[in-house]
Every structure is written in C-alpha cells, then in structure tokens.
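Please open the model in your viewer and keep the selection panel within reach. We will go from one selection to the next, with a word at each stop on what is there.

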Amino acid sequence: MARNHILLSLASLLAAAACSAPAHRLDIDLEHPGAPVQPTMYGIFFEDINYAADGGLYAELVKNRSFEFPQDPLQGWKAFGKVEVRNDGPFDRCPHYVRLQDPGHPHKWTGLDNEGFFGIGLKEGETYRFSVWARVPDGGASELRIELVNTASMGENQFVCQEALQVSGKDWKQYEVVLRSSETLEKGFLRIFLVGDRRTVDLEHVSLFPTDTWMGHRNGMRKDLAQALADLHPGVFRFPGGCIVEGTDLATRYNWKNTVGPVENRPINENRWEYTFPHRFFPDYYQSYGLGFFEFFQLSEEIGSEPLPILSCGLACQFQNDDPSAHCPVDELRPFIQDALDLIEFANGPVTSTWGKVRADMGHPEPFNLKFIGIGNEQWDALYPEHLEPFVKAIRAAYPDIRIVGSSGPNSEGDQFDYLWPEMKRLGADLVDEHFYRPEEWFLAQGARYDNYDREGPKVFAGEYACHGAGRKFNHFHASLLEAAFMTTIERNADIVHMATYAPLFAHVEGWQWRPDLIWFDNLRSMRTASWHVQQLYSQYKGQNVLTLKMDGANVTGAEGQDGLFASAVADGNKVYVKVINTSEQPQRVELAFGGTAVKAVERVDFTSDLMYEDNTLDEPERIAPVKASFTGEGKSLTATVPAQCFSVFVVER
Ligand code: AHR
C-alpha cells in the first residue's frame, strides 16, 4: 500500500514536471503525403512450432488419428482387450489401422482411449463430431460405443457423454456421430468400446472435431484462435514456417504436396521442433498435415490476407546440418523447383490444369490469386544464392508476375547479412526476408534502421521479429513497447518496407519450445499478449500514406537527445494517425503541429501498464490492453502528455 502511494506520488510529480517542461514539437507535413503503406504491411507468420497446428489452430482433438506415428502406431492411444494394428488399410499413404476383436471373455472389453493433445478440451453444451472410417471384415454389422470421458471424475460415471455407432458391411465407409458434452473439461479423453455381439471391426482415421469451428469448416480451425488472427486484420499471411520449411533433413522438410487432397490420405511428417531442444522435448510432435496448404490459402482468404507460402530451396536446416551432403546438389534441384511451379498452379491455375483441379476438387474452383512466394527460409553462405538462382529463373519464365521473396539469413546484421543482401539484389528478388530476435538495446537502437536502405534494391519483408528481453526471454509489456518503438521505422520507411510479421504466432502453454509468442492457449482458452495488441494497433491505424514527421528537423527515432521518443504518422483519407512511443521513464509532453492546417482531435488510444515485466495470462487475459484516453482540441497544433513507457495513437481529422 505504502509503496503504491509513494509510486503514485512520484508519478504525479513526474507528470507535473512534464507538464511544466516545454513540449517536444512534432511537425507533421500534411501537404506532401509520402509513400503508400502497402496493404501487406502488417501481417502474421505461422509456423507449426509450440503445437501451433496439431493441438492448436487445427481443431482436430485426436492425436495420431491414423495410427501412423512411426515409433509406435499406438502412441497417444491406450488399447485394451484385443486390439491389433494392421497396415493394409484403404489409404495408401496412411496404411495403418486397428482391428478390434472380441476379447474372448464376457467380462472383458476391447477398445481404445485417445489422450488428445495434453488432453481433450471439452465445453459444456457444445457438440463434437466423432468420425471414423470403418468396416466389418467378415460382413454383417458391429456396434461401437463412443464416449467422451473424464478419467478424474469422482462420479459414478466417467463418461460425460456417449453415443452408439453401428458399422456394417465389408467395405470401408466413413461413419459419424455427434456428441454433446455435459461438462467443461480441460483434459478429457475419447473412448471407443466394442459392444453388442462384439463382431470384429476395423477402424481408421479416428477423428473428433468441435462442430463449432472457424467458418464451420469440417476440417476446420479452432474458432477462438482463428478469431485472434482475424482481429489482427493481417495484410499478409506467411506460412508454413520457419525452420519446418527446411526440415531437420530434406526427407522431413515441409512437403506441401503431401498436405493437399483428402485428409485421410495425407502422410504425417516429423516436426523439426521435436528435435530442436532436448531441454524442452516433445517426442510425440508430428505434423498430421490436416492443416495443409489448401487450408492455409482458405484461411488467408477468409481473414483478408495475401498468402505468402515459403518453400524449401533444397537446403535442409543449416543450423542442424554441417555436412554439405545433407543438402540437394544444385544440379538435382528440378523436383524442388517443380514443387514451386506446381504450387503456383495449385493456387492460381485453371481447374483444367493438374494442380488447379486438385484445388477445385477440394472445393475452391476459383483461384486463390497468389502473388508472392518465398524460396528458402533462414539460409546462408554461397549455398543459398546458388540454390535460389535456378528457382528465380524458372519462376520468372513461367510466372513473371509472381513476386519472389529471398532471405538475408538468420541475423539482423553481420557478415552473412551483408553478403546476402547484394546477392538478393543480383538475383532480382522482389523482397528480402530479414529476421531479428534481439534484446532491448537492439530495439532501442533501430529507430533509423531503414532510413538509409538502398531504394533501388529489393523491398524489405521483416519476416520474423520479437524483442527477446535480456534475462527476460518471455512475453512482457516492456518488450512489446520496444517492438512498437521499432515499428515506427518500418512505418516511416513504407516505401521500402512492404511487409512485417512478428514471430512466432502461437504457443500451447504445455507444449512450447520457443517464447515469447504472440498468442498463448491451453485446451479451452486463449490469450492475446501485449505484443498482439501492438500488432493490432499498427494494423488498425495503418493508414494509406506515410507523412513526414520531424522533431527539431530530425526523424523521431529514440536518438540521443530525443528523450526516448519514437514517432511516425500516416494519413488515412481526411484522418491522420500519429503514433508516439515514449520508452523513457518520464512522461513527455508533445505538441503535434500540422503546419498551416487546422485539425480536430478525434480519438486517442494509450497502451501502457504497470506490469512492466508481465503479460496477460489465461486467467486474466485482458489486464494489459489499450484504453481510450482523453484527447480534445482544435487548431494547427495540439498538445498532449504521453505517459512514461506508453504507446499512444492520436487520431485527428482535417
Ligand atoms: O520463429 C522460430 C524460428 O526462428 C523459425 O522457425 C526460424 O525461421 C527462426 O530461426
């Protein structure tokens, strides 16, 4: 109490001092609008890391649904009674299935439990679609009982709901039944019993989805997580990674062709993040590919983003492979290049084309209007340009309008970065993907990063970034504030920076390998971080054209003498959005001066928090959030105080 009182008094004193100090004058030039802010500017980066896909955005609740996990086809399952795994099933790329037989004693049972991803999240009153491919190999009919189970229950029954399912005939068919949960449960189980006269039955592709998915798709996304993406209004949607594009080896790189067509026949893939950190190890981390390229394109369309797929350039992850033989030799790249060309056909080709037909058969005869493609993720050394060059030639020859994204490697500066940028220019990449996971000082020093970039070269895609606090490599408000400060340089340089995506996007609280991340979730709930709010504010107040904003004739970049201020301004029709980030520990008075033009204050949003080194939590998901603040007045200039460590957006109208 006493401490809070002292802090409050100190804050009031500082505020009073700020009010008496002369204001920093920010001159905003309304007369000469600058470069357009690209519609793609603020976007999202999706990678299946931290259980972002299976167990996360992809709403499937059954783990190892096709019995294909290579170490153990029953990983994720508990079998009881007489269960046999067989491998001559109806789907050639997912051949395993289970045979359930009479356990041989009237008081025994045959069946299976599935543990889901860290359990199966169930909500009271909500419905779940159980589906399965099945047959009765000897003909006739067989009966199953499907249950959603609370194994921790102290009640008479463990099941929270159950339904009967009849299977008949020797041919494989898909069956389904809808269950309504009578409980909310974070860690439920799926249980299947062979009942009735216990006639032998075969089961394949056992699936459970909430019926209430994003946009109601059967093979759909978890609604709250997809909504958290839609609410960012992302201009670009980069997928599927990240390092999983490359794979721990080429055999396990992300292979988009395995991710399209009927879900039952998409072969699983090892997740590269299974092997990355032995100190955060998840030996059951596989990609079902149920969230595949069709679903990525469809989601991009539904949330209004330009899709940006990134494909392997024939180099396995260079962090994990020192041996040059791990990579595809340049003269053997043809299949990789063909994958890229076929992907463009899958996205944009007519329904009469081979891959356009695959898209149409999946329910989207209209093209997805793909405009961008990335080749290679974080590659480096001469290996990368050597590999990229034949892709560029082939894509340019076949699809001259597609814009190609190259990479400047994993570092924000340094030898590799300095080597790769000119190489990307030489090869004619349209954009260069820069990555920076850096500490506070780096973010504070980057306010002018793009001011002197070569305006004749490729455009910038700030494709992966996040402030990783020194000793605080977790989500917290202060890191988000510095990301906001850094983003002023992106915005001021919109002529050259065309895309920016924070990374990574998602993390399951029980399944993460990497943090900080933009959105956290468990099996029932999700939470938007402070960094999410920063992204959302930039996106919401993106505007159409950059406006020149100067303080004492200089850009506001947190430079020496600028009192920790960063700022940028954009025009949006007759509105102007001025973003001011005060990274200092003192409130700062600012005068927003609009030359000869009189403006009217419309709105102000402040984003700040006393919880400097904390973030929202699943229990308190909204404790750090932007709030509307008072902002009134009319005239050629308006004065306001930006609190210490605050990101303020001022909206004025001409
Ligand atoms: O975002 C996590 C990882 O960081 C990405 O997979 C990779 O591109 C980068 O090293």
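Two strands count as paired if DSSP finds at least two bridges between them. One thing to keep in mind as you look around: this is a predicted model.

**Stop 1: the open sheet**

With that pairing rule in hand, select β4, β5, β13, β8 and β11. These 5 strands form an open sheet in the order β4-β5-β13-β8-β11, with antiparallel pairing. Colour β4 (82-86) and β11 (173-180) separately, since they are the edge strands and each pairs on one side only. If you look across the sheet, neighbouring strands are turned by 35 degrees against each other on average, with direction ignored.

Is β13 mostly covered or mostly open? It is mostly covered, as 10 of its 10 residues are buried. Next, show its partners:

- Strand β5 (residues 97-101) pairs with β13 in the antiparallel sense over 3 bridges. Pick Val98 here, and you will find that its bridge partner in β13 is Leu203.
- β8 also pairs with β13 in the antiparallel sense, over 7 bridges. Pick Arg135, whose bridge partner in β13 is Asp202.

**Stop 2**

Which residues are closest to its centre? Of the 21 residues in its lining, they are Arg218, Asn219, Val263, Glu264 and Glu295. Colouring the lining by class gives 5 nonpolar, 9 polar and 7 charged residues.

**Stop 3**

Clear the view and select strand β12 (residues 185-195). Because 9 of its 11 residues are buried, β12 is largely enclosed by the rest of the structure. Buried here means under 20% relative accessible area. Bring in the pairing strands one at a time:

- Strand β6 (residues 111-114) is joined to β12 by 4 bridges, and the two run antiparallel. Here Gly111 stands opposite Phe193 in β12.
- Strand β7 (residues 120-122) pairs with β12 in the antiparallel sense over 2 bridges. Ile120 has Gly188 as its bridge partner in β12.
- Strand β9 (residues 141-149) and β12 pair in the antiparallel sense over 7 bridges. In this pair, Ile146 stands opposite Ile192 in β12.

**Stop 4: the barrel**

Next, select β2, β14, β17, β18, β19, β20, β21 and β22. What do these 8 strands close into? They close into a barrel in the order β2-β14-β17-β18-β19-β20-β21-β22, and the pairing is parallel. From one strand to the next, the twist averages 25 degrees.

Zoom in on one pair. Strand β19 (residues 403-407) and strand β20 (residues 431-438) pair in the parallel sense over 3 bridges, with Ser407 opposite Asp433 in β20. Helix α7 (residues 415-427) packs on the sheet here, touching β19, β20 and β21 (459-467). The direction of α7 makes about 160 degrees with that of β20.

**Stop 5: the enclosed spaces**

Rolling a probe the size of a water molecule over the atoms shows where empty space is left. The model has 5 cavities of 30 Å³ or more.

The largest cavity has a volume of about 160 Å³. Of its 20 lining residues, select the ones closest to the centre: Asn64, Arg65, Phe69, Ile268 and Ser288.

Terms used
Residues are numbered from 1 along each chain as its sequence is written. This is a predicted model: local features need pLDDT of at least 70, side-chain atom pairs count only at pLDDT 80 or more; totals for chains, interfaces and linings use all residues. Side-chain values use heavy atoms; hydrogens and water are left out. On a 1 Å grid over the protein atoms alone, a cavity is a set of points where a 1.4 Å probe fits but cannot get out, and a pocket is an open set with protein on both sides within 12 Å along at least five of seven lines; lining residues have an atom within 4 Å of a point. Grid points are joined across faces, edges and corners, and a volume is the space filled by probe spheres set on the points. Buried means under 20% relative accessible area, exposed over 50%, partly exposed in between (1.4 Å probe, protein chains only). Axes are lines fitted to C-alpha atoms, for helices over the stretch in contact, and angles run from 0 to 180 degrees between N-to-C directions. Contact means heavy atoms within 4.5 Å. Ala, Val, Leu, Ile, Met, Phe, Trp, Tyr, Cys and Pro count as nonpolar, Asp, Glu, Lys and Arg as charged, and the others, Gly among them, as polar.
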